[in-house]
Amino acid sequence: MAPRPAASVFVVGAVVALLLLPPPAAAAPVGVNWGTMMSHPIHPSAVVEMLRANGVDRVKLFDADPWTVAALAGSGVQAMLAAPNDQLASLARDPRRARDWVRHNVTANINAGVDVRYVAVGNEPFLKSYNGSFINITFPALKNMQRALDEAGFGQRIKVVVPLNADIYSSPENKPVPSAGSFRKDINTLMVDIVNYLHANDAPFVVNIYPFLSLYQNPNFPLNFSFFDGATKPVYDQGMVYTNVFDANFDTLVWSLRKAGVPDMRIIVGEVGWPTDGDKNANIKYAQRFYNGFLRKMAKNIGTPLRPGRMEVYLFALIDENQKSVLPGRFERHWGLFTYDGKPKFSMDLSGNGKGNLAEVKGVQYLPSQWCVFNKDTKDKYKDLPASVNYACSNADCTPLGYGASCNGLSHDGNISYAFNIYFQTMDQDVRACSFGGLAMITTTNASQGGCLFPVQILSASGRVVPLIFWPITLVMLVSVINLL
């Protein structure tokens, strides 16, 4: 997920929900987004086994990394592969690049037994925060990729899509209702061309919807409107009743598509979820409330007021990713249904029936049970603390220490120990990573405090060793994640 700009009350974040016609009696199985931006990845084959154990039959990837994709071969799990934004220019400029991409990432994987269903071209390329960097190259890249799939004989089976952020459509502030929604003025002509091209190729529109972001971006946003349990004042719009922001956001897109001339275009919700840390509203309680309501809604095939029936959605995300950018917010690293070590964060039944629970990833191995903590006896070196803590948090994930986060209640010394330990674990417990000029020491006593977990890192399945870079301990760090001191 890319950095997200502020949105109107109904336009929350964006990329994908597929509406299948006609809606069958059985609920559509939900898919998941499988990101890999973590320092210590779990082996993909173990992740795939966990997906199968949980009945997940489709995944949305953010690239076409061979290590990850190969694990899907023969699994029965459908895949959406992706060409990242940094490949759009070459794909747009030269059709041969698209043909090469299809040959290496589609044809080869299908021959190996991977069930490829979609190819995503870019990821939220029209974000306002990108300042138009991809405006002129996304559509040409899309068309070249579609032609390459057609030439390879996959055009009818595999569809090219563009996952888009909901900032591409909105309702005006003076009329914040779905029926007033339309595509953004600066890209309206381009969006009309894109959606009509997608529709002509029987490809769906992919959009990311994040009720959490409405709450995060607007302190006056009604909390209960983010959830699905009806405890809120409804919004009325042309005979339609909206009791949650997800439905309102989705139908704002439906109206935008109507105005673009494709009223019956299929929609996939590519990302929808709730983070569990890094913000006062990102917690287990709210995440469980959101998913319980959302999955019950999916199980009943309710759809939205304008599009009742069966939906295809991809939950965001599978496993926490400790190397994601925190520019959108510290919660970015905590969207996972599973913790860094493949354990479910809370009781959850993907069927929406409330009778099951998630199966964890099997066979995960941990580093030794040891922690790096602040050595309080080195008082004469306290002057080096700010630089040491900043360095640790610039190279490891200190987001749980932020305001309202799970470790926000630690003491002064506890904050320091957390920073030292998370850096130590990220560096594979290298003894040199628990020095900080004598300010730190290794202990075998669990350093976790209250509800704040001091994690022990897992053995990385990638087999790579994170390089340890030495800097003068008195160096003033240019990037400070959290001002702990």
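I take a disulfide to be a pair of cysteine sulfur atoms within 2.5 Å.

**Entry 1: ground rules**

I am working on a predicted model, where local features need pLDDT of at least 70 and side-chain atom pairs count only at pLDDT 80 or more, while totals for chains, interfaces and linings use all residues. I number residues from 1 along each chain as its sequence is written, and side-chain values use heavy atoms, with hydrogens and water left out.

**Entry 2: disulfides**

I looked up the cysteine links and found that the structure holds three disulfides. Numbering the bonded cysteines of the chain in sequence order, I read the pairing as 1-5, 2-3, 4-6.

I began with Cys393 and Cys398, whose sulfur atoms are 2.1 Å apart; the torsion about their S-S bond is about -85 degrees, so I record this disulfide as left-handed. For burial I use relative accessible area with a 1.4 Å probe and protein chains only, calling a residue buried under 20%, exposed over 50% and partly exposed in between. Both Cys393 and Cys398 are buried.

I then took Cys372 and Cys434, which are joined with an S to S distance of 2.1 Å and form a right-handed link, with 90 degrees about the S-S bond. Cys372 lies in strand S15 (residues 371-374) and Cys434 in the loop between helix H11 (412-426) and strand S16 (440-443), so this pair ties together parts that are 62 residues apart in sequence. Helices (H or I, at least four residues) and strands (E, at least two) are DSSP runs, numbered from the N terminus. I note a relative accessible area of 0% for Cys372, which is buried, and of 7% for Cys434, also buried.

Cys407 and Cys452 are joined with an S to S distance of 2.0 Å, and with 90 degrees about the S-S bond their link is right-handed. The pair links distant parts of the chain, 45 residues apart, with Cys407 in the loop between helix H10 (385-395) and H11 and Cys452 in the segment after S16. I find Cys407 buried, and Cys452 as well.

**Entry 3: salt bridges**

I counted a salt bridge wherever a side-chain nitrogen of Lys or Arg is within 4 Å of a carboxyl oxygen of Asp or Glu, and a search of the whole structure gave 20 salt bridges.

One of them joins Lys297 and Asp247, at 2.9 Å from N to O. Lys297 lies in helix H9 (residues 284-299) and Asp247 in helix H8 (residues 245-259), so the pair ties together parts that are 50 residues apart in sequence; both Lys297 and Asp247 are buried.

Another is formed by Arg103 and Asp100, at 2.5 Å from N to O. These two are three residues apart in helix H4 (residues 95-111), and about one helical turn separates them. Arg103 is partly exposed at 44% relative accessible area, and Asp100 is partly exposed at 30%.

In the salt bridge of Arg184 with Asp186, the closest N and O atoms are 2.7 Å apart; here Arg184 is buried at 10%, whereas Asp186 is exposed at 57%. I also noted a network of salt bridges linking Asp57, Arg58 and Glu312.

**Entry 4: helix H8**

The 15 residues of H8 should span 21 Å, and the end C-alpha atoms are 21 Å apart, which agrees. Of the 15 residues of H8, 13 are buried, so I describe this helix as largely enclosed by the rest of the structure. Just after H8, Gly261 takes a positive phi of about 95 degrees.

**Entry 5: aromatic rings**

I paired rings of Phe, Tyr and Trp (its six-membered ring) if their centres lie within 6.5 Å, with planes under 30 degrees apart counted as stacked, over 60 as edge-to-face and the rest as tilted. By this rule the count comes to 30 aromatic pairs.

Tyr130 counts as partly exposed at 22%, while Phe134 is buried at 16%.

For Phe212 and Trp335 the centres are 5.8 Å apart and the planes at 85 degrees, so I list this pair as edge-to-face. The pair links distant parts of the chain, 123 residues apart, with Phe212 in helix H7 (residues 211-217) and Trp335 in the loop between strand S14 (311-315) and S15.

Definitions and conventions:
Expected span 1.5 Å × (residues − 1).
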